[in-house]
Amino acid sequence: MKKGVYVAKKKDGTIYYRSSITFQNKHISLGSFEKEDLAASAYLEAEKILRTHVLTLERFDSSCVLSFSKWVCLLNFRDNHIYIKTPIYLKSNFFYYYFSKNDYYIFDIDDLFYYSTHSIMRRGGHLFVSDYGMQVNILNRYGIKNYAVVGRDYHFVNGNTRDFRYENIEIVNRYHGVFYKYYKGKMVYETRIHIKGEYIVGRYDSEIEAAVAYNKAASTLLKKGYERNYPVNYLETLYGDEYKNLLKSVSISKTIRELPEYIKSDK
């Protein structure tokens with residue numbers, strides 16, 4: 001058997017070949033292959049990556065035997081002496097998470113443990129990880145809601161939408177139905193709620209007032225029989241009577257207060 005190659009057998013008896021390499025006392029699996037020659041080529045490719053500095057990410061192409069993510073793992077181990085199973089390449093105080101040579105995201109070093117144990121998936125332009133059997137949007141780590149829209153509810157300070165370092169993400173609208181906007185010469189927090197189309201609940205000087213106003217409008221509509229799944233704004237800075245007093249005192253539009261009771265159609 002060629003160096004670094006081991007024969008294995010599937011449950012149905014089919015023979016296949018596994019390849020692995022040991023570097024700096026770390027045993028690394030390189031994958032499974034149908035042919036011994038491919039498994040041997042994988043070993044030689046890994047050996048060249050780890051024991052020389054000839055190969056870099058820029059040298060990866062379709063002729064390579066190992067996957068791109070394995071290249072990233074091996075190069076990071078060679079250069080930074082830390083083996084990480086996900087396609088991460090470390091820098092001094094941040095790291096790259098790669099999908100391909102020109103397709104990557106940047107994260108703070110504080111997130112290294114999380115992304116070294118959670119693989120990022122993409123669907124419909126959103127980034128997810130599997131956490132305890134659930135798909136979790138990575139924006140949740142920044143306090144950004146799933147419904148948030150980039151450019152409206154949050155934005156990237158340096159304009160790079162691949163840079164997820166905490167200092168580069170600024171949250172503009174953190175609560176349901178609350179939008180920070182320019183109105184009559186000043187910036188205000190405008191609260192809107194959807195009934196049959198969007199209704200303006202009111203405009204407020206503080207984000208907290210605007211968020212509580214949304215809750216009050218939603219509660220008013222539910223009491224009137226408008227059966228929608230209105231989300232609740234949770235305000236961690238308000239406790240007990242503080243929340244109750246603000247809920248009582250904050251004003252909402254006359255249009256919403258005086259909406260007629262909703263009557264279900266028999267049809």
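This is a tour of one predicted model, stop by stop, with what to select and what is there. Residues are numbered from 1 along each chain as its sequence is written. Local features need pLDDT of at least 70, side-chain atom pairs count only at pLDDT 80 or more, totals for chains, interfaces and linings use all residues, and side-chain values use heavy atoms, with hydrogens and water left out.

**Stop 1**

Strands here are DSSP runs of E with at least two residues, helices are runs of H or I with at least four, and both are numbered from the N terminus. The 3 strands form an open sheet in the order β1-β2-β3, with antiparallel pairing; two strands pair if DSSP finds at least two bridges between them. From one strand to the next, the twist averages 30 degrees. Axes are lines fitted to C-alpha atoms, for helices over the stretch in contact, and angles run from 0 to 180 degrees between N-to-C directions.

Select valine 5 to find serine 19 of β2 opposite.

Next, select glutamine 24, in the loop between β2 and β3. Its phi is near 50 degrees, a positive value in a residue other than glycine. Glutamine 24 is partly exposed at 42% relative accessibility (buried means under 20% relative accessible area, exposed over 50%, partly exposed in between, with a 1.4 Å probe and protein chains only).

**Stop 2**

Contact means heavy atoms within 4.5 Å.

Histidine 81 lies in the loop between α2 and β4 (88-90). Histidine 81 is not a glycine, yet it has a positive phi of about 65 degrees. With a relative accessible area of 53%, histidine 81 is exposed.

**Stop 3: the aromatic rings**

The structure holds 22 aromatic pairs. Rings of Phe, Tyr and Trp (its six-membered ring) pair if their centres lie within 6.5 Å; planes under 30 degrees apart count as stacked, over 60 as edge-to-face and the rest as tilted.

Select tyrosine 97 and phenylalanine 99: the ring centres are 5.8 Å apart and the planes stand at 50 degrees, so this pair is tilted. Tyrosine 97 is buried at 3%, while phenylalanine 99 is partly exposed at 26%. Tyrosine 154 is buried at 8%, and phenylalanine 156 is buried at 10%.

Ring pairs link a cluster whose members include Phe95, Tyr97, Phe99, Tyr105, Tyr154 and Phe156. Select arginine 162, which lies over the face of tyrosine 105 at 5.5 Å from the ring centre. Arginine 123 lies over the face of phenylalanine 128, at 4.6 Å from the ring centre. A charge sits over a ring if NZ of Lys or CZ of Arg is within 6 Å of the ring centre and within 35 degrees of the ring normal.

**Stop 4**

Valine 178 lies in strand β12 (residues 178-183) and is buried at 1% relative accessibility. Among its contacts beyond four places in sequence are Asn173, Tyr189, Glu207 and Ala210.

Select 186-194 and 198-204, the antiparallel strands β13 and β14, joined by 6 bridges. They form a hairpin with 3 residues between them, and glycine 197 in the turn has a positive phi of about 100 degrees. Arginine 192 stands opposite isoleucine 200 in β14.

**Stop 5: helices α4 and α5**

Select 207-223, helix α4, and 241-249, helix α5. How far apart are the axes of α4 and α5? They are 9 Å apart, at an angle of about 75 degrees. The two helices are therefore roughly perpendicular (angles under 35 degrees count as roughly parallel, over 145 as roughly antiparallel, 65 to 115 as roughly perpendicular and the rest as oblique).

Finish at asparagine 215 in α4, which is buried at 8% relative accessibility. Beyond four places in sequence, asparagine 215 is in contact with Pro231, Val232, Asn233, Leu235 and Tyr243.
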